[in-house]
Amino acid sequence: MEYFVEQAVNGLSLGCMYAFIALGYTMVYGIIKLINFAHSEFFMVGAFLGFLSLHYLPAERLPLPGDLPIYAGLVVAVLVAAFGTAIFAVLCEKLLYKPLRGEGRIAALLAAIYGVVFALFLWAPISSSSGVLALVLLIGGCWLILTYLPKYTDRFSRARSPGGRIAALLTALGLSLALQNAAVWIFTATPRAWPEAKKFLTWPELESKYVAPQAPGTQDPPANPIPPEASPTSPATPAGQDPNGAPAAPDASTAPAPASTAPPPASSGMEPTPVLPKLDANIFHFDGTNRPIDFYKGQSIGPGQQAKLDKLKAEHDGLYQEDPFSTNTKKIMVFVALMISGALLYLLVIHTNLGKAMRAVSYNADAARLMGINANQVISFTFFIGAFLAGIGGVLWGVRYGKIEPYMGFLPGLKAFVAAVLGGIGSIPGAILGGILLGLTETLVAGYGFSAFRDAVAFVILIVILLVKPSGLLGGFEGEKV
Amino acid sequence: MSFTDLFNLQFLAPHLVWIGIYLILALSLNLINGYAGMFSLGHQGFWAVGAYAAGAFIVHAPFALPGPVLFVLSLVVGVLMATLGGLIIGVPCLRLRGDYLAIATLGFAEIIRILLNNFEWVEASRGLDIPYQIIVRSPETMTSFYTFHLIFTWTMVLVTFIVIRNLIHSSHGRAIISLREDEVASQLIGVNITRYKVLAFLVGAGFAGLAGAIHANFTGLIAPRDFTIIGGIMILLMVVLGGMGSMTGTVLATFILYSVQQLFKLELLNIPTKLAGLTGIQFLQDFAAGVEAMARERWQICFAVLLMLLMISIPQGFFGKKEIWETKLWRRLFGGGKKANLANATGVGA
């Protein structure tokens with residue numbers, strides 16, 4: 001019985017995760033009848049935005065007065081992820097899905113793709129030879145596309161009929177694949193530990209574990225690898241920091257050779273001021289040198305790598321505390337967050353004018369336009385809300401499971417769509433109920449000996465519900481129009 | 001690799017066989033998606049069933065058989081099992097339509113893949129090793145191996161094309177097309193919609209099973225990871241890009257998409273870089289190197305972006321519902337065509 005309760009609670013929290021994604025799915029499907037496969041990638045984008053926010057703006061680095069509690073960083077991460085993802089989704093909708101409805105400008109999409117491709121792929125090789133030319137090509141190219149292309153493409157888009165639903169679905173799939181691969185390129189396919197969830201090793205532990213001991217007298221002592229920069233905003237030492245961990249006070253036992261030859265400049269005369277380590281490596285992978293720490297696993301240090309290792313040491317020491325939340329706290333957190341978001345969303349859709357407009361567009365977009373509703377704005381707003389929730393969900397996924405990766409969105413996204421269908425597509429309580437039911441079933445099936453088939457459960461449920469009650473548990477009856 | 005290697009049998013044959021396999025898959029999906037108007041996202045499931053049925057039959061054949069017999073029987077078993085799969089999946093899904101059907105078929109395909117992933121009888125996720133029948137693949141027999149599979153696969157492509165074309169042009173085919181145009185109206189004029197939906201689904205699934213059996217016999221190793229949703233999207237893309245309901249369009253799109261996908265992996269991509277090197281301008285060299293690196297390493301993103309652009313700019317595909325000889329361009333180039341002949345014969349219009 002105890003095992004059952006434990007599994008059920010786990011399933012509940014997993015189901016809450018699905019529900020967070022399912023809410024966005026159900027709203028977008030409800031309003032434009034498009035299975036937005038890219039929604040699961042919005043969830044992934046949210047998780048990575050939260051990850052970056054926690055990395056660059058943990059509680060002790062926030063530009064706020066006073067000693068902030070540890071979860072302040074998480075609150076900021078949730079806000080960053082939610083708004084960042086929502087804005088990103090609205091941009092995608094305006095550039096990509098609007099032309100599909102036969103309304104937007106293809107030129108804008110082309111300019112955006114040109115700009116993104118240029119900035120991501122071509123900037124580095126070109127700017128190495130001529131930075132100004134690269135800038136001219138970037139801005140000039142976008143300007144040329146936006147100015148001269150509409151002449152041709154708009155005539156073209158007036159002539160063509162808006163794409164069918166299969167074209168829309170394939171576009172959504174294409175966006176999903178593009179975002180996945182872009183994330184793989186930027187963050188690599190290696191799963192990342194969630195900053196707060198993983199207690200990073202301190203340097204002595206790390207060195208004893210990964211790096212083979214070095215013979216003393218190595219040449220090439222690092223010349224001040226990390227310049228100690230006093231943070232102007234937050235002079236306080238992070239709570240719980242190991243005094244040995246501050247890079248300004250290296251201990252001789254861990255790195256004997258450099259410490260003896262090159263005393264750190266911070267100790268010359270002055271009192272060593274507590275500084276925060278620089279945080280620019282280890283997240284991105286742009287030049288092939290800033291590998292994650294695992295890259296050094298089992299390698300001995302060459303003389304030239306000493307500076308790099310010192311940099312890594314500075315980054316890793318005392319940066320992360322132990323996970324501030326216990327597992328039970330996380331489960332409660334996820335549940336409470338879902339309940340609050342769901343309630344607010346329900347109030348928004350049922351009791352505000354905007355919600356009324358959303359329901360109207362969902363019921364009949366053309367009639368809603370005749371009543372003076374700006375359907376395009378309402379659709380954009382729906383994407384905003386859906387991706388807002390997906391962003392929150394992404395951060396909570398990171399907090400709850402402690403690991404994020406570029407492909408994290410795909411399977412939960414599919415299951416969340418199943419949850420939306422299970423609850424009745426277009427219904428907010430339905431999405432929450434469906435998500436929770438799906439999570440419960442999946443965890444219980446996995447918990448009682450069928451863990452290999454946990455991913456199949458969702459699809460079995462989908463097919464059963466589609467055959468028995470296609471409108472879903474809480475969905476209304478949809479009559480057939482002839 | 002040099003340019004002349006492109007015309008080498010050793011280089012070209014596997015690609016041509018793969019184009020053949022994709023053609024059978026795309027043509028059969030075109031029957032379900034394009035002509036019958038049922039939006040299926042689960043073709044990779046039937047592909048997997050056919051491949052695994054053929055492979056498991058060869059590996060676990062209960063009695064010793066000579067190679068050619070085993071080969072032919074494995075194809076038959078692959079087709080039959082995939083047809084059976086189509087029956088099991090198709091009949092319950094007939095009540096669904098549109099996006100729901102797409103998601104349900106996708107769900108079925110995923111279930112099949114997950115089951116295969118955990119099925120020890122066929123070596124689970126490690127993949128099933130299938131001994132070659134008829135011609136064993138080894139350095140000495142490479143030429144005959146490739147020749148055999150090339151001829152066999154393309155014969156099967158021809159068979160697929162002719163069977164589906166004749167089906168479409170028969171009275172049954174007109175009934176299937178009427179489902180796409182308007183289900184209720186076709187029901188009103190007495191078309192048995194259940195029967196024709198099942199028929200389209202079964203024929204499509206059967207040919208996907210044939211493609212799977214050829215795949216299993218050609219590669220000698222099949223694993224559940226070969227049949228993910230990405231493969232299904234690739235097939236669907238060939239159909240949609242060619243034009244839903246256009247067989248020649250599907251053939252053209254299959255050639256183009258497969259070639260584009262492979263071009264991203266070829267050495268030939270460094271031609272712009274070499275040309276830029278001849279000019280001696282540093283900036284051009286950097287630019288070309290950047291483009292080459294992008295195409296080489298990030299071809300999935302390029303492919304995805306290409307897919308989005310195509311879907312937005314030509315959502316109807318190359319030919320729409322027409323065949324290639326019904327398009328304006330073809331008529332302008334070669335004149336005539338079926339409809340023009342008809343018009344001339346009856347003396348109507350120019």
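This is a predicted model: local features need pLDDT of at least 70, side-chain atom pairs count only at pLDDT 80 or more; totals for chains, interfaces and linings use all residues.
Helices here are DSSP runs of H or I with at least four residues, numbered from the N terminus. The crossing of H3(B) and H8(B) is right-handed, a crossing being left-handed if the near helix is turned anticlockwise from the far one by less than a right angle, and right-handed if clockwise.

The residues that meet across this pair (contact means heavy atoms within 4.5 Å) include Phe71(B), Gly78(B), Ala82(B) and Gly86(B) in H3(B), and Phe201(B), Ala205(B), Gly209(B) and Ala213(B) in H8(B). By class, the contact of H3(B) with H8(B) has 14 nonpolar, eight polar and no charged residues, with Ala, Val, Leu, Ile, Met, Phe, Trp, Tyr, Cys and Pro counted as nonpolar, Asp, Glu, Lys and Arg as charged, and the others, Gly among them, as polar.

Charged side chains come into view elsewhere. Over all chains, a search of the whole structure finds nine salt bridges, each a side-chain nitrogen of Lys or Arg within 4 Å of a carboxyl oxygen of Asp or Glu. One of them joins Glu442(A) to Lys415(A) at 3.2 Å, N to O; this pair links distant parts of the chain, with Glu442(A) in helix H15 (residues 428-447) and Lys415(A) in helix H14 (residues 410-423) of chain A, 27 residues apart. Glu442(A) counts as buried at 3% relative accessibility, and Lys415(A) counts as buried at 4% (buried means under 20% relative accessible area, exposed over 50%, partly exposed in between, with a 1.4 Å probe and protein chains only).

Glu442(A) also forms a salt bridge with Arg454(A), the closest N and O atoms being 3.2 Å apart, and here Arg454(A) lies in helix H16 (residues 454-468) of chain A, 12 residues from Glu442(A). Arg454(A) is partly exposed, with a relative accessible area of 30%. Lys415(A), Glu442(A), Arg454(A) and Asp455(A) are linked in a network of salt bridges.

In chain B, Arg180(B) and Glu181(B) form a salt bridge with closest N and O atoms 3.1 Å apart; Arg180(B) is partly exposed at 23% relative accessibility, and Glu181(B) is partly exposed at 48%.

Residues are numbered from 1 along each chain as its sequence is written, and chains are lettered from A in the order in which they are written. Local features need pLDDT of at least 70 and side-chain atom pairs count only at pLDDT 80 or more, while totals for chains, interfaces and linings use all residues, and side-chain values use heavy atoms, with hydrogens and water left out.

Note on methods:
Helices (H or I, at least four residues) and strands (E, at least two) are DSSP runs, numbered from the N terminus.
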